[in-house]
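Here are some notes for a colleague who is new to this structure. They cover the metal site and the pockets.

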Amino acid sequence: MNSEQMKSLSIAFDLVTGLSSDVEPIRRKLSAMAGMYADRQAFGEMVAAGDPVVYEFHDLGVPAEAGEIAFGTSITYPGKVGDEYFMTKGHFHSILDTAEVYYCLSGGGRMMMENPEGDWEARELTPGVAVYVPARYAHRSINTSSDEPLVTFFAFRGDAGHDYGTIEDKGFRKLVVERDGRAVIVDNPRWRDHPEDTQ
Ligand code: MN
């Protein structure tokens with residue numbers, strides 16, 4: 001037993017907006033994602049023109065311990081930087097061998113996943129669909145809708161932690177972009193296996 005043991009709790013998350021009247025989300029504006037979108041010029045113009053909120057998520061302060069489960073909603077807003085859809089930064093878990101579940105509540109998009117060995121997968125997110133993100137896979141939510149937020153509910157082991165730095169340095173191998181009105185997966189032209197060698 002530990003002194004931080006959670007008590008039972010109930011929290012309401014709106015099925016359409018993903019927001020809660022009980023807890024404030026953490027907001028990520030576009031300017032917090034420098035270098036993560038392929039079109040650097042479009043990125044700079046959008047930051048200068050108002051720096052929109054790209055996504056929000058909840059951290060409920062569940063103790064970072066193996067027996068706990070962190071949970072909340074993630075809300076990725078509709079929009080594009082150039083032809084690349086709005087997305088979350090994405091991350092590996094600090095404890096690489098920890099999985100996660102995302103359940104789509106509203107909107108539509110993709111869960112992009114890749115592991116350090118180079119395997120990648122993109123799963124469609126539509127309302128009512130649960131996506132299991134396996135251990136060892138970085139994961140990023142991408143909103144491919146033109147007008148609706150992509151809202152998911154997530155749950156993962158409390159001590160998993162977040163490694164954002166690897167993705168900030170290297171990016172994901174694949175991007176989701178709009179071509180002729182459709183969402184397609186393309187190679188990331190800026191993906192770098194060994195960033196320290198190519199600067
Ligand atoms: Mn995660």
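1. Residue classes come first: Ala, Val, Leu, Ile, Met, Phe, Trp, Tyr, Cys and Pro count as nonpolar, Asp, Glu, Lys and Arg as charged, and the others, Gly among them, as polar. The model is predicted, with local features needing pLDDT of at least 70 and side-chain atom pairs pLDDT 80 or more, while totals for chains, interfaces and linings use all residues. Residues are numbered from 1 along each chain as its sequence is written, and side-chain values use heavy atoms, without hydrogens and water.

2. The manganese ion is coordinated at 2.0 to 2.2 Å by His-91 (NE2), His-93 (NE2), Glu-100 (OE) and His-139 (NE2). Donors here are N, O and S atoms within 2.8 Å of the metal (3.2 Å for Na, K and Ca); water is not among the atoms, so sites may look incomplete. Along the chain the donors of the manganese ion have the spacing H-x1-H-x6-E-x38-H.

3. His-93 and Glu-100 are both buried (under 20% relative accessible area, 1.4 Å probe, protein chains only).

4. The largest pocket has a volume of about 450 Å³. Its lining has 29 residues, with Phe-57, Phe-154, Phe-156, His-162 and Tyr-164 nearest the centre. Elements giving two or more residues to this lining include β1 (26-29), β6 (100-106) and β11 (150-157). By class, the lining of the largest pocket holds 12 nonpolar, 11 polar and 6 charged residues.

5. The lining of the second largest pocket has 7 nonpolar, 3 polar and 7 charged residues. Nearest the centre of this pocket lie Gly-35, Arg-40, Lys-170, Gly-171 and Arg-190.

6. A pocket is an open set of points on a 1 Å grid over the protein atoms alone, where a 1.4 Å probe fits, with protein on both sides within 12 Å along at least five of seven lines; lining residues have an atom within 4 Å of a point. A volume is the space filled by probe spheres set on the points, which are joined across faces, edges and corners. Strands are DSSP runs (E, at least two residues), numbered from the N terminus.

Key
Helix = DSSP H or I, 4+ residues; strand = E, 2+ residues; numbered from the N terminus. Buried < 20%, exposed > 50% of the residue type's maximum accessible area, 1.4 Å probe, protein only.
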